[in-house]
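Good morning. I will take you through one model, starting with a whole chain and ending with single elements.

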Amino acid sequence: MSSAPVLELKNLSIGLPKGSDRADAVREVSLSVAPGEIVCLVGESGSGKSVIAFGTMGLLPKGLPVRAGSRIALQGEDLVHVNEDRLRELRCTRMGMIFQEPMTALNPVMRCGDQIDEVLAEHTRLGPGERRRRILAMIEQVHLPDPQRMYGSYPHQLSGGQRQRIMIAMALVLEPALLIADEPTTALDVTTQAQILRLIKELQAKAGTGVLFITHDFGVVAEIADRVAVLKHGVLVEMGPTEQVLKTPQHEYTRMLIASVPSHDPPERTRPAATGQPVVLHTDKLVKTYGHRGLFGGHKVAAVRDVSFEIRRGETLGIVGESGSGKSTVARCIARLIDPTEGSILLSGTDIASMPNGRLRGLRRKIQIVFQDPYRSLNPRRTVGESIVEGPMNYGATAAEAQARARKLMELVRLDPDALDRYPHQFSGGQRQRICIARALAMEPELLIADEAVSALDVSVQAQVLRLLADIRDQLNLAMLFITHDLRVAAQVCDEVAVMSKGQIVEHGPTRQVFGAPQHAYTRALFEAAPGRHFDFGRAG
Amino acid sequence: MADAAAPPLTEAPDLKASKPGVGRRLLRNPSVLIGGFLILLIAAVGLLAPLLTPIDPAAINPTNRNKLPGFETTERDDEGNKVTRVARMGTDSLGRDIYARVLYGARVSLTVGLAVAALSVAIGLGIGLVAGYFRALDGVIMRVMDGLMAIPGILVAIALVSLSGASLLTVIVAVMIPDIPRVVRLVRAIVLSIREEPYVEAAISVGTPTPKILWRHVLPNTIAPLIVQATFTAGAAILLEAALSFLGVGIPPEIPTWGNIMAEGRTAFQLYPHNILYPAAFLTVTVLAVNMLGDGLRDTLDPRMAKRV
């Protein structure tokens, strides 16, 4: 593209406060976005990608100063030394931004239409009638149904995808030359994500907007980007056209990142089939309804309806589905963190579905669960050693025995056993997740439930934890229930998958079969929506 | 998957520079320092009252009624020696020495503040933990608490005094009862959020018995907010005790408290303002000091409530 760039960053350095793990959040980053171009900024958490976005918008907090010698130019106009009034004028009129979390980015007590109207009233001299006409046209452009009704709706009345569309409408209503999208689809389900990506592409192509798109997901990159910039610890390590970077990455870090992205194709199963093994867990017509009985009759919502499956020793069953599909509710019923409404849960033949807590206690150790959020799964006030030995000591192990076992488990999850007396905040997210796995394994469970256990982790760390889980399953011959929304992850670790939608299993079968020839319409739609599906990750490098 | 991603056999966590400890942060906070110092000073005054004045706070001296501060009397002590006594803060309508009464009054105020804070936190903590963790009991407990909160503290005190007579214990109980629901609400709110934390669920699934879960995983989270709540409770309790004594429904009149010293001086306030001003000044400084300490503790212990700098 020959025209002058919309956004040009030259030697951009942004400092961090004293005492941080490095001196600069971003160091000497140079990149440009041409009109009508989508540039993806990719990196793991802490790589400084959002700092660049906020720096460009002039929204950095005081602790993060733009260093001397940096240049940020929007259509040739310097943004580093411009005053606050001019910046405020430029935001929205010449550059717009959309954020990750559409619920918190919108004001919950203002109608959506009025929020867009605020932008117009502030930056244009249009009359109320003309503004309303423009807003309704914009709402229509982002493909929201019934623009009149949307105009008068409050954010909580809309779904996540609809809210993100309102955000996009707000960012683009003044037809800015530059759109900055900071992980706009990360909080959304995969089918919604596909729609939003398509929308951004469509609007951008129509108006010739330059887009700086920030993401950690290489699937999204493959889907949307014209060019890719890879950030590592605030340094731009590689930049180039999407095809080139994804297929023939030059930098070692890029190669590692791309290799860590799980492939969408399930691998050939090399382990012996588990058919001869005993059934560890069997659920039969499991039902969980939420609701309350009121004086005048309550209302009920079925979170899980008639879910039946079995898992054998040494086998991994994946449950995949979008948010609200009931997959986590199934996991929590099986771990008896919540009580199922109906149905049975047979653990090695014993029904635990309605067992009272007293009798259940002896059986709890056989089912262990690893949660999604590594920052909240460990009590911050207790050392990791205390967290790991808690379970065994509940069942009568002496402190010395439990300690010895904890040291062995730390080695098993590849952490230094001497770190047992450290506190959780001294570990990274991936390390904490491994500690949680060690805590679960300390109970010598027969069934390990991983409830979105790798979803909060960066892709390279995710690959390590997945490998660790597979190793452990094979070494200890565990049955594993793997709950995830990420189809790529499911494809890699699961022997069988069950696809859940609206509380029901709509399709269930061996992973290769389900991924190779999905039968149910919902499964097909889900796979169709997976970003970068046509792109073969996990093989490169 | 590439070998580049393979982790080393074992990893040690990074040792991050730790933030200054709670103790050091407390000592850096001026409100904590000033408030704490003043409270210690007043506590010392109360405890050392017999050393600071030889005068009996309850001794009535009809000849020296309503004397102004600085009034001197010459008396003979038990051994017959002449001693000169100065009524530094004057005397009241019965000729009692206000300086001595104010010093001894500090004992009652601080005792009431401390006892009410400690008892209401202890009782409220127990009830709050139960209400927050055992959902079946929550509705019943909280409705009872709502009921308690609706009763004005002064009415409770008057009712209790008429039932069991005026005493220090009655006052402490009367002041404490309306404070318990506040602590219960605070603790319950914390428990409700903590019990949803994955680490509590993890503890359930490794078979930790419920009392241990409450003690180990839930209780520590309530300590910092409770310390803060306790200081504010103490401040309010000192004030309420003074109000009760002032109204004559609190501590029996033979025990000097700041409240009943002021009540004594009320009728002759325009002629002899010192009867009220000295105890009032002590009361004000004490409550101010306790509240300053509470503010400082809140800013240091509960960063969510601290004002942004």
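Chain A has 20 helices and 20 strands. Helices (H or I, at least four residues) and strands (E, at least two) are DSSP runs, numbered from the N terminus. This is a predicted model, in which local features need pLDDT of at least 70 and side-chain atom pairs count only at pLDDT 80 or more, while totals for chains, interfaces and linings use all residues. Residues are numbered from 1 along each chain as its sequence is written, and chains are lettered from A and ligands numbered from 1 in the order in which they are written.

Now the overall dimensions. The C-alpha trace of chain A spans about 70 × 60 × 45 Å along its principal axes.

How much of chain A is buried? Buried residues make up 47% of the 541. A residue is buried if 20 or more other C-beta atoms lie within 10 Å of its own, exposed if 12 or fewer, and partly exposed in between, with C-beta atoms placed from the backbone. As for contacts, of those in chain A with a separation of 6 or more, 70% join residues 24 or more positions apart. Two residues are in contact if their C-beta atoms, placed from the backbone, lie within 7 Å.

One residue as an example: A:Thr56, in helix H1 (residues 49-57) of chain A. A:Thr56 counts as buried because it has 22 C-beta neighbours inside 10 Å. Leaving out residues up to four places away in sequence, A:Thr56 touches A:Leu7, A:Ile72, A:Leu79 and A:Ile180. A:Leu7 is 49 residues from A:Thr56 in sequence, and their C-alpha atoms are 8.8 Å apart.

Next, strands. Chain A contains an open sheet of six strands, in the order S16-S17-S18-S13-S19-S20, with mixed pairing. Strands S16 (367-370) and S20 (504-510) stand at the edges with a single partner strand each, so one side of each has no neighbour in the sheet. On average, neighbouring strands of this sheet are turned by 15 degrees against each other, direction ignored. Two strands pair if DSSP finds at least two bridges between them. S13 (residues 316-320) and S18 (residues 479-484) of chain A pair in the parallel sense over five bridges, and A:Gly318 has A:Phe482 in S18(A) as its bridge partner.

S9 (residues 227-232) and S10 (residues 235-241) of chain A pair in the antiparallel sense over six bridges. A:Lys232 stands opposite A:Val235. Their hairpin has two residues between the strands, and A:His233 there takes a positive phi near 45 degrees.

Of the 36 residues in H4(B), 27 are buried.

Which residues of H6(B) are buried? They are B:Ala157, B:Leu160 and B:Val161. Seen down the axis, the buried residues of H6(B) fall within an arc of 100 degrees, so they line one face of the helix; the arc is that of the directions from the helix axis to the C-beta atoms. What covers them includes helices H7 (168-176) and H10 (210-247) of chain B.

Notes: Axes are lines fitted to C-alpha atoms, for helices over the stretch in contact, and angles run from 0 to 180 degrees between N-to-C directions.
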